Structures are given as structure tokens and as C-alpha cells.
Amino acid sequence: MAVQPDNDIAALFDPNFDDPEPTVVPPGALPPSWAAAMAAHRTASPPSVPDPNADATQAAELAWSQVPDSSITAPAAVTASTAAVGADAPPAQRRRGRTKRGTSADTDAEFTRQTKAAAKRAARTRKVVRLQLVGVEGNITRTRTQSTAWFVQPPGPWNMRPVGRQRRYIQNEALVLANLAEAGVIGVHRRLVRTPWPVRQWAQAHDGWAEPIADVPGALSWSDYLRGQQHAMLWGSPTLKGRYWGIELPPRSTLASGLDTVSDWLLPAVEVPLLGRVAKLVRAWARTAFLGEQKALAEHLATIERILSGQGVRAKPATAAQMDYLLLRSASLGLPLDAEGVISGGGDWAQSDIAALEDLTDLELTPGDGYTTVRGQVGGRDYTGYAIVLTVGRMAPLPIPERMLPWQVIGDSSGEPLEWSERIRLKTTSQTIRSLRRLTARIEAQFDHYTVEHDQVPPQELAEQHALAQRVISDIEDDHSGLSVRTEGWYRVLVVGSSPDEAKQKVSMLQEMYAPRIRLEHEHGQYQLLREFIPGEPLANIAHCRRMSVETVSAGMAAVGDRIGDRTGVVIGETASIAPRPAVWDLFAAHEKKHKSGLTPIVAVPGSGKTFLAGMLVYQAVRAGAYGVVLDPSGPLKKLAQLPEFRGIAEVQALTGRTSRPGSLNPYRVIVDPRRDDPDYVPANPDYADDADPVTAAQSQYEADLRAAQAERISVAVSVLKMMLSPARLEHEWTETVLQTAANTVGGGRHHNLREVLDAIAALGRDDENLDLRTCARSVHQELSMMADLAEARVLFPEAGTTGEPEDIVDTNTRLTVLTMPGLQLPPTGTDPSQWTPQQRMAGPLMHMAAWLANRLVYELPRFERKVLFLDENKYLEQTGAGRTLNLRIARDSRKYKVRALVCSQLPDDYLGVDGSDDKSALTYEVIIGDLGGNTHAIDGALKLLNLPAGEGYEALLADLGGGGEDTLDEDTDTEHLDQARRFIVKMADDIELVRSDWTHFVHLAHVFAALDSRATRAAMDTPA
Amino acid sequence: MIDNDDMLHRVDRHYLGPTGFTLPFRLRYAAVGLGALVTVTVFVIARAVVQVPLGFQSLVVIVGIGVVITARVTKYVNADRSVRSVIRAAWNDLTAPRPPKAGQTVVLAIPAAMRASRGTHAAASSEGNC
């Protein structure tokens, strides 16, 4: 096996490390570092690569679901390494033997002296490195003097919650600490550990969730795609948090241990006649005392468990696997996180296991360095890390949660995997009052020293401190909420770098992030500070003891993080509020698991990157086996259909222009009749369970739905014709009657078309009794015939004399249908409709019917298959009531037909009720809001859509969403440092997060980005990675 | 506003001098105590080990050395860091494990039980000179 270079973090998470890379790689599919590593690997590998490996290679290239036999084997590699070890040993022995045989006495003595000195040195260093831990039993770690019970708190949400709710989170956690203090707990050791975000598990879950389309030879295959996705997601080394609470258990009382010792001594004296009775009594006493002690301890543990499972913390006792992870991670701090680490998770730790813990890493410190050098092996490779532990120093008053993030979470936005170790001592009321009274006395004495003894003006703080002390005393004595219990604690943060300079730079960056309210101190004695992170180790230094109430302690909220999405679906981007983590969206969880609507409004102005985002979502969804229907009148999404991996399964339909099919947008054909064999009309359906006769009930329901479809066709035909009339004609009092009468004469059957309506209007113009009606009908007919003869109207009106029936077969082999409308002339915004040309007036009905057609295509696909529908830039739908009806219909049917409908718009008003009441926002379960251009009305509507309260600062957040950097022609300005990724606010269920859509690391999708041709990614691709 | 008790524990700890006589400089109580201790130690070392004769000049030098050492140490001492913690930090730094020197023989003993139970962290026996 070739040797990979040190500190190659990306290679650490390489799922194919054990097998050599395949030699044929699509060009440009891998980033430069991979290509270089592969080239180095190929030249450095020994010529005799064992052949059994070749078969393993073939099997390992496929994704998990594609491999017929899913047992992953690499036995050849293991035997090779043990063979290598075996080969090493004999030469060494031979060398030693030769030395021993052929040497003189003093060389031998020298060697023994050196060995003895080395052994003594080793014993001395061993003593320094020895851990205080003696063993682990269940969730309790023990040292010789102390036992600690460990509990694990799940991570919680924080962002975009109302301020009152955030305050409630803090207070609930504070109450847990207060209850612990009341239960008699003296010390708490809290740890925040990091685990790598499960990218490999995401890939496996995604592979299972998707039914991928067949691989096209020459294009990106499914396994290469998965590999590229994992690589891109690992680039930022995302982590998850786990918080451990270690409650120190009370030590044994002296009476109890004294009794035990005495009863042990008295054991041989039991046989002696008189003393024996005393001995027996004492032994019985000791035994009952021991049992009583055990019972008390069990009760104490039960109380602690109950308190910790309270609402603020909801912690459970740590399982064996979690204890393992805590100890292994704490002992190997400074090394990279172990993505493939094996957690034995079975059984308790004995003394020898603790000794193994000491050997995991080699720790070194040179006095004056300020950092600890950590050397060790992770995943079979050597790493050297430099760990610096910072201590929390002075804290000013903190405006949490109004204006600040919780203070333990401030540093997370740098993306660093910071770990926290907190040693907290809880003080009882009497202890606090006693210390405060002593403090008051000291203040008064110092005050006297200034004024009485030296006749000087005392510093002003003395008076303030005196008042503060009295206030705290009365606070503690009178407060019944328990939030003023006092604690003193030492709070340490760990920062790791791959070189001393990098570690120091990270330290200064972290100090900057915490300034000016909180100081982070970089102290001496770094080795012992690092060891403090391991459970059971003593406190390294009593400096920087922070004394605060439990409420301030809980305002740290170390366990909160960004929470959005799941770990199975497609990638939207990464979270951007607290810590960057992949934001993954299971597009069909709302339908399959939560039974909610699948309508997702995407509200943003043009140029905010929403078309690009939707294009990426459609691409990922179609790759994962969903059917996609895209209506993109002017945009670049039709190039998606031309990608090589969609060859043969994608189709582009032009709805206008030269290649459009006549009659394809006929309103009568676009609305489908309900199918008789639909599960909704089966008598066995639970809807008809209450009816006396389910069969007739089903039949009447079917007929009612049929009639409703016919009525809908008539009304859509009327509104399409109305959109084609000029405003002067529309205002005429008889126009409405003419159109309605004509449409009702024709009827609502599916086989009709608009030309028949036109003929009916002409008939009205000839035959009706009412003179006004006749005149109106004639002028309406005149205008509509003129419109019907336009080239663009070909799709709405078939040629005179033909029936204009296009084939109606929906090909289920076509997975992606892109509807485009080239050459569509849109009327300019803000102009009076009476000034539009006929071609511009045609745009309205054409876009309206195009949206209906897209909807119909979705309904004709198999009902229980996953489908994605994307409707772009439906400005014209918004301005008419017909658009809102369409949205309502999509929202209602998207759950039944398993459709993820991404509907773009510029104003949130479409999704709210007409008068601003949010009756329809209840139908939207997931929302994406992009840049709104600072429009305050749109921002208010967006807040209603997201269900966020107004006036709490979210308006500023929404106004600031524009990402994508700046583009300038000025040669002297360099705008590359600005963030090129677009930002969106995404709501999924109740989680609302700021998501950064950053595709720079997804190099395997470079051809997709080129097809979608966005300015931002083009600029990002040009800059060297 | 989330507030803490920091201000309470930063009580002014300066010694202005004996009653009625204000010293021209401000001493901290901690500095006074430590200074006394350091000066006595320096005195003992100077008299017993180095055998300096008792005289005005030598006393001034001893006191001067004591003052200098105390100033160096109390530079790090403030309300957050007590004298004990400063000394403890220095001790921690000095007793931390040092990087191994080149040319040293290193001997590692691996408990037999660990090898059997924890197979993942392969215990590579690295005997020999490094």
C-alpha cells in the first residue's frame, strides 16, 4: 500500500482508501488534490499489486445498492500488513544477536546502562501521563476518590425562534441546574464533544432512498455522483455536537469507610468466644450500613436522572457506546475526528483499558510554547496536531437572547470543531450567603482603610460592590424561582491546528469573535489544561474562576446548533447561522411521512439565484428517480434536458415558436377528467365507510367530480378569452354575458376547443334577440378572431377546419420534461394594458395555459411515483385570480399525487389570502425565501409566510439576504473576497434557517453548472480552488 | 441582560500603608505577602548558601532582588489569577512531558491485556533507537 501524505484531511474520509483508485476517471470530475494523490499513488505503488485485489476493486466501484453481494471485503490488505510486520521482526533480531555475540563487555554494560536509564525515564514520563481514572462501570466513571455519573443531552434548536421562547430555553436549563443544587449535587463536569457529520451514512441513506436512473456510459455514473457529493460535503469538515453532563456523586462518609475497615479487621476475631459476639455485631452493623448506603446512592442517582430528564435538558444516562466515545475522544483531543472509528460499546472499562487510553496519543509540551503537541494515529495514519486550550475570562453583561447568540456558541460560526470542558461547583444558599457576608465585611474594611485610616477618596467601585452584594443576598433569600443559585466554574475551550502558527491564528480569531464582551485567556500549563478534558482528571489551575448564577451559566447553551432538514435527501447548501453544516432536504418526506402539502413557494426577485437553486434541486431529484416537469419560459433550464446523463429520458417541448404543436395548450384538453379507476372512487375507500351504500356514494362522487371538471374547463376557457381582450372591450357590460353564454353553449366536454367557442360567439352575434348582446358579440368575435389568427395563438386555437387533437400519450420513459416558450413577448411592467400590442396580450393566456399544462403532465404520470414540478416566473399568474386558483389546486393535489411543486414568485401575496389573511399559508409546509430586493411589503408578507413575528429584527435579516458578491468592470477593484454563494431562508416544518447555497466544491457537477450558466458559479469555477 | 458576579469579586485590594502614613506607591496585599516570603527566601539563600556577609549594602541588594522577583511574579497576578495559580501554572509548564530528544533510547511497555482486547488501535511495538 502506498503511503498517503500526512494531514490530508480529505483523504481521511475517503471511503475507498483501502482499494486503489480506478484508473479511468471522467476528466474534471475530481479536484486537483485528488488527481495529484492518485498520480502519486500510481507511481509509488509496488509493481506486484496482488491480483485478488482486482476483483475487490470492481465490486467497490459501484454504490451500495448496485452491488449484488454487499459484503465489503479487503482481506488482502490486512494480510499484507501483518506479513510486513512479520518480515520486519527477524532482521531486527538478527541484528541484535549479531551485536551481542560479537561485542566486548563494556559495550554490553553501556547498553544495559542505557536501557536502565531509558526505563527510569519511561517510568517517570509514565507517571506524568497516568490518568486518574480507575475504571468505568455503566455510565459512572471512577477515580480513586471520586465517582461521576454521565448523561447525554441531545442538541437543541435556537435560530429564528421568538425571543420569549429562547429565554424559556435558557431558564429551563437553569432550573435543571438549580434542582441539581437542591438535590445536593456539588460538582458538575460538562463536556461538549464533536462527532463528524455522518456523510457516509448520508450517502448510504440516499442510495437507499433513491431509485436512481440507469447510468449512461460516458456520463457521470451514480456511484461517481455519490462519491463526488460526499467529497464536496466533507470539504468543510462538518461536525455534530454531543453534550455530556457529568454529575459528581457524593463520596463515602468516613463513618462508612471506617466501619468497613473495622469489620475487615474483626473478621479473624469472629471465632473467639466473647470478642466474637462483638465482632459479629460490628460486622452485621457494617453490612446493614453498607446496604443502606447503596440504597441511598441508588435513590440519589434516580433523583439526578429524573432532574436531568426535565424539560430544559432532557438528558439520558450515557450508553456504553457514548461513554466509549467520550473517553476516546477526550484522550485523543488534538487529532482529527475519527470518521470510521470503531466504538466497542460493550462493557465496562478495566484498568488495562484505561492504560490503553493513555497510549492513544503522545503529548509533548516545551515550556513557553503555549500549545501542546499531540501525536497519534487516526484511521491508520499518523497525525500531529497542536492543541491550545483557552479559558473564559472576564464577561461583561450579555444581551442574550435579544442581540447576541448564546455565549458558548459564538465561536461556532468559524466552522472550527471547538470542544468545551466546564467544571462547575454549585453552591448552596447558605454557602453563598456566608461568602457574600464575608465579602461585604472585606469591602467595608477596605472602605475604612481608605477613608478612616488614610483619609483618601475610596474608589467608586467599592460602594457599587457593596450595593451589589446586598442585592445578591436579597436576591438569593427572596427568589423562589431558583434561577439565582450561584455557581463557580472554570470554562475551557479547545482549539486545534495543524501547525503552531495555524493554532495561534485560530486562537486570535476566536478571541476577536468573543471580544469585547468576553475575554478568552491563553494561559500557561497547557498540558494539564488539555488533560482536564478527560473525565476524572483534576482541575489544572484555579485561575479564572467564573462566578455567576445558573441563569448565566445556562445562557451558554452549548448544545444548540442549526437544525434544518434531514440526513437522507438532496443537498440544498449549508447552514449559515451558527455552524456550517450540510442542509439536506428529503423532498418527499412531507408527502410520505408527514402527510402535508408539497407546495413550496420560492419567493425572490430575479437575479437572486432561485432558478439556479431550483435547477439543482430538479437535477438531483431526477437523478434520484423522480419525474421532473419544468416550466421555464425564458431561462436556461432547458439545457438540463441536454445533459449527457439524461440522454434518452429527457424531452424539451416548445410551447411557442416554430416548433410548437398546434392545439397543445387547448384549455379543454389541459384539464383532465377524473379517472374512474382512481382509488378515490373505489367503494372500499374509508371516505364512504359512513354511507349506507358505498357503491352509489362512490359513483355519485365520481360524477360530481366529473361535473366539477367540466365547470372548471368552462371557466378556464372564459378567463383565457378574457385575457385576450383589450381593456376597452372588457369593460363593456355585455362582454361577460357573451363569453359565458358562448362557453356554456359549447359545453365542458374534453373534446371541444376554443375555435368552437369562437363560432358560438359568431352565432350569438347573428341569432340572439337582444340588440346590445348581438353588437357586443360581433365586436368580441372580431377581436378574438384577430387574436386567434396570430402565430402565437396557434397553440390555443387549432387551424380552422381541423380538430387539432394532438396525441395524448404520456410517455413514462420520459423522466424530465422541460416546457419552454421561446420568443414570448412579455409586456413591459407598469404600462397600461390598453397600450399593449396583441402579441404582448397573448403572453398572459399563453403563460397561464402553460402552467396548467405543466400541472396536467404531472397528473398523468403514475400516481404514487415521486414527481417534481417547477414553475418559474409566473408574474402573469399573480395578477389574475386564475393564478391563485392554480396555486390552490397545486397545494391541494400535491400531497395526493406526491408532487414536490416548486413555484416561483416575486411577492408572497399569492400564497397568502387576498386581503392579507394567511388562510393559505397553512398549506405550505416548506418555504424558500431569497433576496426580496428590500421591498418592505414583500418582506412583511414573507415573514407571515414563515410564521415569524414581526418587529423582532427578522426584517433586517430578510433585507440583507442578497448574496452572490459584486460584479464590476473596474480593474483596480478585487471583489473575489466577497461571498459568491447565494443565501436563502429555508423553512422546513418548524425549522427555519439561513442556508448558503455554495456549490464550489461540487466539481463533479461542473457540467451541470455550465448548463445552468449562472454568473456566480462561473466566477467561482474560474478562480483556482 | 444576563449578568454575572464578576464585579463582586474584584474588590480593591491595595495596601496604602500603615495608619496615617500613605505610601507613595500602591501595593497589593498579595504583593506584600509574596514579597515578604521571597525576600526571606533570598536572604536565607544568600546567607546560607552563598555566604554573603551581613551589611547595609548586601541587605539592600537582597531586598532589591526580592523586590525585582516579586514584581516579575505579580505582573501576572490579578483578580482572576491568584498567586497560587501563577505558581501552579509555572509548575505545570515545567513538569509537562517534554518531546523526546534525538538519540534517546525509548522503551515502551504494553500491557498484555490491551493487545488482546483492543485490536483496532494496532499496538505497533516500536523498539529500538529513535
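Which residues of H25(A) meet which residues of H26(A)? On the H25(A) side they are A:Glu783, A:Met786 and A:Met787, and on the H26(A) side A:Pro838, A:Arg841 and A:Met842, where contact means heavy atoms within 4.5 Å.

Before the rest, some ground rules. This is a predicted model, where local features need pLDDT of at least 70 and side-chain atom pairs count only at pLDDT 80 or more, while totals for chains, interfaces and linings use all residues. Side-chain values use heavy atoms, with hydrogens and water left out, residues are numbered from 1 along each chain as its sequence is written, and chains are lettered from A and ligands numbered from 1 in the order in which they are written.

**The H25/H26 pair in chain A**

- Helix H25 (residues 771-788) and helix H26 (residues 838-860) of chain A have axes that come within 10 Å and cross at roughly 85°. Axes here are lines fitted to C-alpha atoms, for helices over the stretch in contact, with angles from 0 to 180 degrees between N-to-C directions.
- H25(A) and H26(A) are therefore roughly perpendicular to each other, a label for angles of 65 to 115 degrees.
- Helices (H or I, at least four residues) and strands (E, at least two) are DSSP runs, numbered from the N terminus.

**Where chain B meets chain A**

- Chain B puts 51 residues into the contact and chain A puts in 65.
- About 5400 Å² is buried between chain B and chain A, with carbon and sulfur atoms giving 54% of that. Buried area is the accessible area (1.4 Å probe) that two parts lose on being put together, summed over both.
- Between chain B and chain A, 27 residue pairs are in polar contact, both residues being at pLDDT 80 or more. A polar contact is a pair of N or O atoms within 3.5 Å; within protein, one must be able to donate a hydrogen and the other to accept it, and residues adjacent in sequence count only if both atoms are side-chain atoms.

**Salt bridges**

- The whole structure has 43 salt bridges over all chains, each a side-chain nitrogen of Lys or Arg within 4 Å of a carboxyl oxygen of Asp or Glu.
- Four salt bridges turn up across the interface of chain B and chain A.
- A:Arg546 pairs with B:Asp6, with the closest N and O atoms 2.8 Å apart.
- A:Arg546 also meets B:Asp80 in a salt bridge (3.4 Å, N to O). That pair runs from strand E13 (residues 546-549) of chain A to the loop between helix H2 (56-74) and H3 of chain B.

- A:Ile400 and A:Pro401 are joined by a cis peptide bond, omega about -5°; A:Pro401 sits in the loop between strand E9 (381-395) and strand E10 (419-426).
- The bond from A:Ala515 to A:Pro516 is cis too, with omega near 0°, and A:Pro516 lies in the loop between helix H15 (500-514) and strand E12 (518-522).
- A:Arg314 isn't a glycine but has a positive phi, near 55°.

Notes
Parallel < 35°, antiparallel > 145°, perpendicular 65-115°, else oblique.
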